[in-house]
Amino acid sequence: MKRLYWQTLGEGSRDIVLLHGWGLNAEVWRYIAERWTPHFRLHLLDLPGYGRSQDFGALSLPEMTEVVLAQAPEKAVWMGWSLGGLVASQAALVAPQRVEALITVASSPCFAAHDDWPGIRPDVLQGFQHQLSEDFQRTVERFLALQTLGSESARQDARMLKSMVLDLAIPPVEVLSGGLDILNHVDLTQSMQTLTLPLLRLYGALDGLVPRKIVPMLDEKWPRSRSAIIAKSSHAPFISHPDAFCSLIEDFLGAHDLM
């Protein structure tokens, strides 16, 4: 039977499911976990096909979400970074009774730019997909560099993200390509308007993958949600600005009696 790599840490009574981004694994949350284990029960997992969950091939967003839900607690706060934000959002859409609150980090309901929507140009994502088959490691390293570009600690953050990839088995090209396909084609903008559960959206002011221009646009589309932009941070604010990042989430959870 195919199973996800899943580790549960912490002493608290509140469950938080933590979902990483494209190309990476649960190790991205280690520094946050050290701060939160006295207060929460954290569920760190490698998404299907990534890290230590390599029994899986490329999956669609609904398939990936179904696999994660099968092992998740009956009720939890779900937090997803980048691609993981789409998985967490999909879980909230298909199983809202199991999601106490949703937190998306440097994520977008639609990553690809189109018409008046800011995002990653589709040709850039298609270029990454093409390059994966030619020079896998360099393509992944380029994408990781984009995630930290602009922050004051960009080089250090990029090295940290790179070590998290190279310290574990590298995901198969088909899984990485499938993940880029999700980023290129999924659009949850309209469907998420129906969500009534507590929703916090966190962004990096210097993020080149999820432009801050989408923040007021989603504030208007999703008036029940709450947003915050972390100054001087890029696509990985929990690594570059962990104190500000954790404080925003703790304030949000406290406001909804979820601490």
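The charged end of Arg52 sits over the ring of Tyr5, 3.8 Å from the ring centre; the rule asks for CZ of Arg, or NZ of Lys, within 6 Å of the ring centre and within 35 degrees of the ring normal. Keep in mind that this is a predicted model, where local features need pLDDT of at least 70, side-chain atom pairs count only at pLDDT 80 or more, and totals for chains, interfaces and linings use all residues. Residues are numbered from 1 along each chain as its sequence is written, and side-chain values use heavy atoms, without hydrogens or water.

Staying with rings, Trp29, Trp81, Phe238 and Phe245 are linked by ring pairs into a cluster. Rings of Phe, Tyr and Trp (its six-membered ring) pair if their centres lie within 6.5 Å.

Now let's turn to Arg201, found in strand β6 (residues 199-204), a strand being a DSSP run of E with at least two residues. Arg201 counts as buried because its relative accessibility is 1%, and buried means under 20% relative accessible area with a 1.4 Å probe, protein chains only. Beyond its neighbours within four places in sequence, its contacts (heavy atoms within 4.5 Å) include Thr104, Leu218, Asp219 and Trp222.

Helix α3 (83-94) gives the most to its lining, with three residues.

Methods. Phe/Tyr/Trp six-rings, centres within 6.5 Å; stacked < 30°, edge-to-face > 60°. Helix = DSSP H or I, 4+ residues; strand = E, 2+ residues; numbered from the N terminus. Buried < 20%, exposed > 50% of the residue type's maximum accessible area, 1.4 Å probe, protein only.
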